[in-house]
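Hi,

Here is the structure I said I would pass on.

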Amino acid sequence: MIEKALHGSKGYWTWIACLLAVIAIGGAFYVQQWNYGLGITGMSRDVSWGIYISQFTFLVGVAAGGLMLVLPYYLHNYKEFGRITILGEFMAIAAVIMCLMFIIADLGQPMRALNVLLYPTPQSMLFWDMVVLNGYLALNLICGWAILHSEYKGVKYANWVKPLIYLSITWAISIHTVTAFLYAGLPGRDYWLTAILAPRFLASAFAAGPALLLIIALIIERNTLFKVGQVAKDKLVTIITYAAIINFFFLACEFFSAYYSQYPSKMYTKDYLFFGLMQDGNIFNNLVPYMQASVVIGIIGIAMILFARSRKSDILLGVSAGLIFLSLWIDKGLGMVLGGFVPNPLGQVTEYYPSIQEVGITAAVWATGFLIVTILYKVAISVKLEKEL
Amino acid sequence: MKKDRRDFLKLAGCAAVAGVGSSTAFRSLLSGEAEAAGLKRAGTSKAMEGTRLAMVIDIKKFHQHRGLAERCIRVCHSIHNVPDFGNPKDEIKWLWTENFENTFIKDTHRHQTQSLHGMPVLTLCNHCDNPPCVRACPTKATFKKDDGVVAMDYHRCIGCRFCMAACPYGARSFNWRDPRGTDEHGNPFIDELNPEYPARGIGVVEKCNFCTERLAVGQLPACVEEATDYEAMFFGDLNDPDSEVSRVLREEFTIVRRASLGTYPSVFYII
Amino acid sequence: MYGTGRIIPALIIFVGLMTFPIWYNGGKAQQPPELVLPTEYDECVRDTQFMRESHMVLLHEWRDDVLRKSGPRSGVTDRGLEYERSLQKGCMSCHYDKQNFCDQCHDYTAVVPDCWACHLEPTKEAI
């Protein structure tokens, strides 16, 4: 099947070449980081995790978001999603691989990464995150490939695949729950220490994942003969809208708890992220424009996506899904992790700005993810079109 | 080595069979002493057994003897080969001073007596009885020894910095750069290496070890020894009623940092 | 066979490259490393054969025992000589000539342990 990825149009190869170029540049930056140490990034003693870990956290959500396509089809026999479940599974594969790459990029001693297996530590949430992420990667590789291959052969997939699919549905919930537990169980970090973190992670994941998928599906529709189908698109819009609204509801709950209780340590980080935090006459607000924009863009996106559906406009649909994705990316892929370190446990403020090398490595990991998605989707679409035409 | 393998298999079996509820994990989640008011979950009890090393710092004595804190820090950092990168971003510190209001951020108020405001207070790893960093570490590179010291195995640390996020006291530093390297003028980050103690490598986390290497040969922690003539620091076994820390804790009003977090620090302060 | 013209030469080049070390060094006898042993003592903490094969295992055992289990920091040899269970303070106190002891074998066998990234080599004065 993989040979389908070796035949493509000029546009396809140009896209691949661009991605490889970004990966090469990022690779060069990583060599620099390898030699100099993580000091080459913008991270510091106070903000000890940066965009690597925040991208990782966001992408676990994208991976789990694929669930929203798999679940209706396999659990509720929702036939309209039959054509796109494979896209959800393949996106999960790419997203989990990106997660693992971001973790490796963030390790001070990447050569010792396997110590996590050599000295298994069940009390550490990071140990469980390693277990669930690798498990989810394996499940999606096996299920996705087995199903597509049987389609390629023109037969129904084998019976052993079904239990694995059911397992992968519950597993998707676990990956993002455990990732939230990385943060939500730390006594000294008040912004993260909230029981609603895992539910909020899931809500934002179930909006961001399908939103990204919808954008990619629309691009595929424009460039190939593959059709997602109007009903499936409308249903995706419903899922994205509900999940995005629930995400914002949870955010509002967080705001209520903090500001009505007037509990200072629950307010500081939200002040820093959304309004600016003042100390000794200095104002710290480098993330405020982004976080405020995140809320505005998100609300516009939700309103617009419903309008786009009623107008049956694919362009509007793509733009509004993009807005929702961007809003959630800022919220979780930027503010969630970076904000948790401000103020530090001693009440001091250190602001974080990623370095050029850090941004380059991050871009390269994203490009790798897009490369994997491109290749997997090329295979999937080719197989499907071959059978249908 | 044979025993280690057995430990490993036992643990792997536990994890596989019982998942997160495995006995090791669950017991570690129940640890910690009772609140001052004596509150604890019904059915749980933790006997005060074994050794639990603790430290008492008298901040008034440090205020009276200017420069003593700096001497303690210097001796600590020089015997442990702690590098000085000359900037706060890469900073590594085992023992240092913070302003009173930052050290006790959640336990003080704005109208505190002026003499305390801005007063430098020695801070270090609290060697908590219920340490969040040990819970977070995915490789047991950070662990609690049976004498209560929260120690690190720098050979095993993968540099994930989960412990830094977990520590509510900012006691942990990361080697963002090679500590054995030199700055742009060719000056080494570690002025003079102490051949009796190792340095650390790039990409691992480090922190105060309560001078466990000195305790093993019957010496006091270096900072305590430095402050001993001024009776500014005390060290001993918290579970031994005859130890010096137990005596001082009985006689003086002391506080710990952020008691409400349930970490049960082993470093106490006389205000 | 399809593509014979390309596959066969490619295979020959591949095999040639992979076996390069064998025929490049063929016929030349390698000198085994010559170690400079301490003159002050003629006994190590274990017998030579054990140390040759398993010194790294012993170091790991010492490390885990001393660091984690508050194990003893010193040990006694068969003949009653006391030593520190420590690479930096134990081993290197006798084998201070690192270049002519550790490095000799490690270079010969192309093993690159990262001990010295943290542990301090004996200084010139010690030698």
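This is a predicted model: local features need pLDDT of at least 70, side-chain atom pairs count only at pLDDT 80 or more; totals for chains, interfaces and linings use all residues.

First, the chains. There are 2 pairs of chains in contact, and chains A and B share the most contacts. On that interface, 32 residues of chain A meet 49 residues of chain B. If you want to find chain A's side of it, look at helix H5 (115-118) and helix H6 (125-153), the elements of chain A that give two or more residues to the side touching chain B. Sorted by class, that side of chain A has 15 nonpolar, 14 polar and 3 charged residues.

Chain B also touches chain C, with 18 residues from chain B and 15 residues from chain C taking part. Here the chain B side is made up of 9 nonpolar, 2 polar and 7 charged residues.

And what about chains A and C, how far apart are their closest C-alpha atoms? They lie 12 Å apart, and no contact joins the two chains.

Now the inside. The largest nonpolar core has 188 residues, and A:Ala63, A:Cys99, A:Ile240 and A:Ile324 have the most contacts inside it. Helix H4 of chain A (residues 85-106) gives the most to this core, namely 16 residues.

Setting aside neighbours within four places in sequence, A:Ala63 is in contact with A:Ala92, A:Ala95, A:Val96, A:Cys99, A:Tyr136 and A:Ile175.

Cheers

Definitions and conventions. Residues are numbered from 1 along each chain as its sequence is written. Chains are lettered from A and ligands numbered from 1 in the order in which they are written. Two residues are in contact if their C-beta atoms, placed from the backbone, lie within 7 Å. Ala, Val, Leu, Ile, Met, Phe, Trp, Tyr, Cys and Pro count as nonpolar, Asp, Glu, Lys and Arg as charged, and the others, Gly among them, as polar. Helices (H or I, at least four residues) and strands (E, at least two) are DSSP runs, numbered from the N terminus. A nonpolar core is a set of buried Ala, Val, Leu, Ile, Met, Phe, Trp, Tyr and Cys residues joined through C-beta atoms within 7 Å. A residue is buried if 20 or more other C-beta atoms lie within 10 Å of its own, exposed if 12 or fewer, and partly exposed in between; C-beta atoms are placed from the backbone.
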